[in-house]
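I opened a notebook on this structure and wrote down what I looked up, entry by entry.

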Amino acid sequence: MPPKSRRSGGPKSPSGIAKASQNSIKHGLTAKVPTSPAELVMMESFAQELIDYYKPQSPLEKLQIERIALCRAKLARLYQVENARLDIEANKLASTPNQFFKKCRM
């Protein structure tokens, strides 16, 4: 039986590597690239707004605009997730208030 280091080493093909790179994405908020098509569209929209306003001249200025746009898109997505979570909790409270109060007493 070969040593463990020879049996596994992760994916070797480009498609396998690309797929494996997504393994640790849980929520995508720390990713350095957009993690969904909607986030990509939002980022591109924000970036275009900033480009139209600031008219970047250097590659560094363009990079900063892309970073700002990505952060803005992720923050917008985070607000959506947070609001959905609050809606879920509000619905739980409305339907079973006694359960909520039991949790508060603990």
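**Entry 1: terms and ground rules.** I began with exposure: a residue is buried under 20% relative accessible area, exposed over 50%, and partly exposed in between, using a 1.4 Å probe and protein chains only. The model is predicted, so I noted that local features need pLDDT of at least 70 and side-chain atom pairs count only at pLDDT 80 or more, while totals for chains, interfaces and linings use all residues. Residues are numbered from 1 along each chain as its sequence is written, and side-chain values use heavy atoms, with hydrogens and water left out.

**Entry 2: confidence.** I looked up pLDDT, the predictor's confidence in each residue, from 0 to 100. The protein averages 85, and 87% of the residues score at least 70. Helix α1 (residues 4-7) has the lowest confidence, with a mean of 60, and helix α3 (residues 37-54) has the highest, at 95. Where pLDDT is low, the predicted coordinates should not be read in detail.

**Entry 3: overall layout.** I listed the secondary structure, taking helices (H or I, at least four residues) and strands (E, at least two) as DSSP runs numbered from the N terminus. The protein has 5 helices and 0 strands. Along the sequence the pattern reads α-α-α-α-α. Of the 106 residues in the protein, 13% are buried. The protein exposes about 9,000 Å², and carbon and sulfur atoms supply 61% of that area; accessible areas come from the Shrake-Rupley method with a 1.4 Å probe, and for residues only the protein chains shown count as cover. I also checked contacts, meaning heavy atoms within 4.5 Å. Among contacts with a separation of 6 or more, 55% are between residues 24 or more positions apart.

**Entry 4: a nonpolar patch.** Which residues form a nonpolar patch on the surface? I found Leu-29, Leu-75, Leu-78 and Tyr-79, with about 330 Å² of accessible area together. Patches are made of residues with over 30% relative accessible area and no salt bridge; like charges are joined within 9 Å, and nonpolar side chains (Val, Leu, Ile, Met, Phe, Trp, Tyr) within 5 Å. Tyr-79 sits in helix α4 (residues 59-95). Tyr-79 counts as partly exposed because its relative accessible area is 46%. Leu-75 is also placed in helix α4, and Leu-75 is partly exposed at 40% relative accessibility. Leu-75 and Leu-29 are 46 residues apart along the chain, and their C-alpha atoms are separated by 8.1 Å.

Entry 5: I searched the whole structure for salt bridges, each being a side-chain nitrogen of Lys or Arg within 4 Å of a carboxyl oxygen of Asp or Glu. The search finds 5 of them. In one, the side chains of Glu-39 and Lys-74 meet at 2.8 Å, N to O. This pair links distant parts of the chain, with Glu-39 in helix α3 and Lys-74 in helix α4, 35 residues apart. Is Glu-39 buried or exposed? Glu-39 is buried, at 1% relative accessible area. Lys-74 is buried too, at 6%. Leaving out residues up to four places away in sequence, Lys-74 touches Gly-28, Leu-29, Ala-31, Val-33, Thr-35 and Glu-39.

Arg-77 also forms a salt bridge with Glu-39, the closest N and O atoms being 3.4 Å apart. Arg-77 lies in helix α4 and Glu-39 in helix α3, so this pair ties together parts that are 38 residues apart in sequence. Arg-77 is partly exposed, with a relative accessible area of 22%.

Entry 6: Glu-89 and Arg-85 form a salt bridge with their closest N and O atoms 3.4 Å apart. Both lie in helix α4, 4 residues apart, about one turn of the helix. Glu-89 is partly exposed at 31% relative accessibility, and Arg-85 is exposed at 53%.

**Entry 7: aromatic rings.** How many aromatic pairs does a search of the whole structure find? It finds 1. The pair is Tyr-53 with Tyr-54, edge-to-face, at 4.8 Å centre to centre and 85° between the planes. Rings of Phe, Tyr and Trp (its six-membered ring) pair if their centres lie within 6.5 Å; planes under 30 degrees apart count as stacked, over 60 as edge-to-face and the rest as tilted. Tyr-53 is exposed, with a relative accessible area of 63%, and Tyr-54 is exposed at 56%.
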